[in-house]
Amino acid sequence: MPFKALVGPVIIAHRGGSLEVPENTMASLRHGVAVGADWQELDVTLTKDNKLIVIHDDTLERTTDGSGQVITKNLDELRKLHAGEPKWADYVVDRLAKLGIDAPSFAGKYPNERLPTLDEVLRIEGAQLMIEMKAHPDPKALAFATVDAVHAANMGGRVVLASFEAPVLLQANLRDSSLPLLGLAEDVKGIETMLRLPISVLGVSVELAEEALRMTPQGIAVWIWTVYTPQEARRLAELGVHGIITDAPTPVLAEIRKEPVDLMVER
Ligand code: G3P
Ligand code: CA
């Protein structure tokens, strides 16, 4: 039997692939699995009544038809909101414009999407999840709740717990040191901070890829966010990064996996 080796970086569908399906919804996270992304990235925080909800921003205006701070609302209230027609953040619009990409409109196409709970996402068939725990006033509550949800879903082998917040990562590690951690960093100082923690993966922006590869010891993977084009993905793969976090998983997978290597194993 030929053995198919995976050559090159793993592909992570950012927010499920937010250029293809509305971000951080059940539709997008299922989409990430369906198109063959190795991992699906999502953002999680706690509601006022301490339930885990999947949303990127601190506030509701950009990605739902609600308003106000997420952490001041109970889960029941949040679950009534429509999440299938997010607006684009200004920095994404700028980035896409520079790349000559039109930000797609999802208007009317996903009328039934709500903000998912983490429990729902953990039940998606075939998912491997990069769960980004957002900044929260109570890092312990967020980290412990996330670890406990992963345990309850028996998903320990199929998650990596990510954060920009060192206290959140440390609390997750205290709760269960067997779960892999991914430290996110925005600059060199941030990389240094994360490399002092027991992380398995370092996550940095495209601009920091070379620096991160230089600074990171063997045994810690380097994943890069956020990649919008197959050309950028190819360049990063050739640089030797270990993971590509992309909003466009379909064309990126087509580019990165177009030449699979078959190794015949002699018996
Ligand atoms: O995967 C890391 C990336 O998601 C961090 O940035 O703002 O999209 O959560 P953000
Ligand atoms: Ca994120």
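Trainee: How many nonpolar, polar and charged residues are in the lining of the largest pocket?
Mentor: This is a predicted model. By class, the lining of the largest pocket has 14 nonpolar, 13 charged and five polar residues.

Trainee: Which residues lie nearest the centre of the largest pocket?
Mentor: Arg15, His56, Tyr91, Trp225 and Thr226. They belong to a lining of 32 residues.

Trainee: And how much space lies in the largest pocket?
Mentor: About 590 Å³.

Trainee: Which helix and strands each supply at least two residues of that lining?
Mentor: The helix is H3, residues 90-99. The strands are E3, E5 and E9, and E9 covers residues 221-227.

Trainee: Changing topic. What coordinates the calcium ion (ligand 2)?
Mentor: Glu41 and Glu132 through OE atoms, and Asp43 through OD, at 2.1 to 2.3 Å. Along the sequence, the spacing of these donor residues is E-x1-D-x88-E.

Trainee: Where in the chain are Glu41 and Glu132?
Mentor: Glu41 is in strand E3, residues 39-46, and Glu132 is in strand E5, residues 129-133. The two are 91 residues apart, so the pair links distant parts of the chain.

Trainee: Is Glu41 buried or exposed?
Mentor: Buried, with a relative accessible area of 2%. Glu132 counts as buried too, at 6% relative accessibility. Both get that label because buried means under 20%.

Trainee: OK, rings now. How many aromatic pairs are there in the whole structure?
Mentor: A search finds four. One of the pairs is Phe106 with Tyr110, which is edge-to-face, at 6.0 Å centre to centre and 80° between the planes.

Trainee: Are those two buried or partly exposed?
Mentor: One of each. Phe106 counts as buried at 6% relative accessibility, while Tyr110 counts as partly exposed at 22%. Phe106 and Tyr110 also form one aromatic cluster with Trp88.

Trainee: Where do Phe164 and Trp225 sit?
Mentor: Phe164 is in the loop between strand E6 (159-163) and helix H6 (166-175). Trp225 is in strand E9, and the pair links distant parts of the chain, 61 residues apart.

Trainee: Is Phe164 buried or partly exposed?
Mentor: Partly exposed, with a relative accessible area of 29%.

Terms used:
Residues are numbered from 1 along each chain as its sequence is written. Chains are lettered from A and ligands numbered from 1 in the order in which they are written. This is a predicted model: local features need pLDDT of at least 70, side-chain atom pairs count only at pLDDT 80 or more; totals for chains, interfaces and linings use all residues. Side-chain values use heavy atoms; hydrogens and water are left out. Donors are N, O and S atoms within 2.8 Å of the metal (3.2 Å for Na, K and Ca); water is not among the atoms, so sites may look incomplete. Helices (H or I, at least four residues) and strands (E, at least two) are DSSP runs, numbered from the N terminus. Buried means under 20% relative accessible area, exposed over 50%, partly exposed in between (1.4 Å probe, protein chains only). On a 1 Å grid over the protein atoms alone, a cavity is a set of points where a 1.4 Å probe fits but cannot get out, and a pocket is an open set with protein on both sides within 12 Å along at least five of seven lines; lining residues have an atom within 4 Å of a point. Grid points are joined across faces, edges and corners, and a volume is the space filled by probe spheres set on the points. Ala, Val, Leu, Ile, Met, Phe, Trp, Tyr, Cys and Pro count as nonpolar, Asp, Glu, Lys and Arg as charged, and the others, Gly among them, as polar. Rings of Phe, Tyr and Trp (its six-membered ring) pair if their centres lie within 6.5 Å; planes under 30 degrees apart count as stacked, over 60 as edge-to-face and the rest as tilted.
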